[in-house]
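Here are my notes for you to go through with the model open.

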Amino acid sequence: SVQRSKRYHDRRERFFDSLHSTTSGLNILLGSAAFASAISSFTDFNLGAWAAGSVAVLSSFDLVVGFSRKAKLHSDLKRRFTALESKIVVSPSDSYLAKYMQERLAIEIDEPPKMHALDILCHFELCRALGISPGEGVKQPNRFKSGTAQLFAWA
């Protein structure tokens with residue numbers, strides 16, 4: 001579960017980083033268009049008003065949702081799971097099992113709600129990487145759920 005959690009948080013981190021980069025890039029592009037429109041004669045379409053409005057909406061969305069904050073949270077969680085995994089690899093004995101489970105649960109307290117379909121996708125990815133069976137009763141999400149796993153917490 002530690003390795004699956006690392007994969008999960010890596011995917012969430014990359015997702016929020018890409019959203020933040022995309023909105024920042026669009027803000028620069030649209031801000032430049034608004035500026036160009038303000039100093040030129042684009043009066044027919046009113047490009048400046050549309051571009052300025054788009055910058056305001058995208059900036060507000062990025063600020064409210066906090067893409068970069070969420071990316072940092074998932075980066076920190078992935079780092080903590082990696083540190084836990086390194087402890088388990090160094091001393092994998094049963095005497096430490098309860099301690100490691102406690103530490104894993106302490107990390108999971110700080111996690112935001114899981115995106116279930118994404119978690120299952122990470123489980124299947126890890127099983128493929130390790131060459132093991134995903135287990136009975138675990139079904140891979142359909143294409144639609146897989147494609148929207150970052151956006152919705154499918155059950």
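1. The largest nonpolar core has 7 residues: Tyr8, Met115, Ala117, Leu118, Leu121, Cys122 and Ala149. A core here is a set of buried Ala, Val, Leu, Ile, Met, Phe, Trp, Tyr and Cys residues joined through side-chain atoms within 4.5 Å, with buried meaning under 20% relative accessible area, exposed over 50% and partly exposed in between (1.4 Å probe, protein chains only). Helix α5 (residues 116-130) gives the most to this core, 4 residues; helices are DSSP runs of H or I, at least four residues, numbered from the N terminus.

2. Do keep in mind that this is a predicted model, where local features need pLDDT of at least 70, side-chain atom pairs count only at pLDDT 80 or more, and totals for chains, interfaces and linings use all residues. Residues are numbered from 1 along each chain as its sequence is written, and side-chain values use heavy atoms, leaving out hydrogens and water.

3. Met115 is worth a look: leaving aside neighbours within four places in sequence, Met115 is in contact (heavy atoms within 4.5 Å) with Tyr8, Arg12, Ala149, Gln150, Leu151, Phe152 and Ala153.

4. There is also a second, separate core of 6 residues, with Val2, Leu77, Tyr100 and Ile107 among them.

5. On the α3/α4 contact, Leu77, Arg80, Phe81, Leu84, Lys87 and Ile88 in α3 meet Tyr100, Glu103, Arg104, Ala106, Ile107 and Glu108 in α4.

6. Ser32 sits in helix α1 (residues 2-39) and counts as partly exposed because its relative accessibility is 42%. The C-alpha atoms of Ser32 and Ser68 are separated by 23 Å, and the two serines are 36 residues apart along the chain.

Terms used: Helix = DSSP H or I, 4+ residues; strand = E, 2+ residues; numbered from the N terminus.
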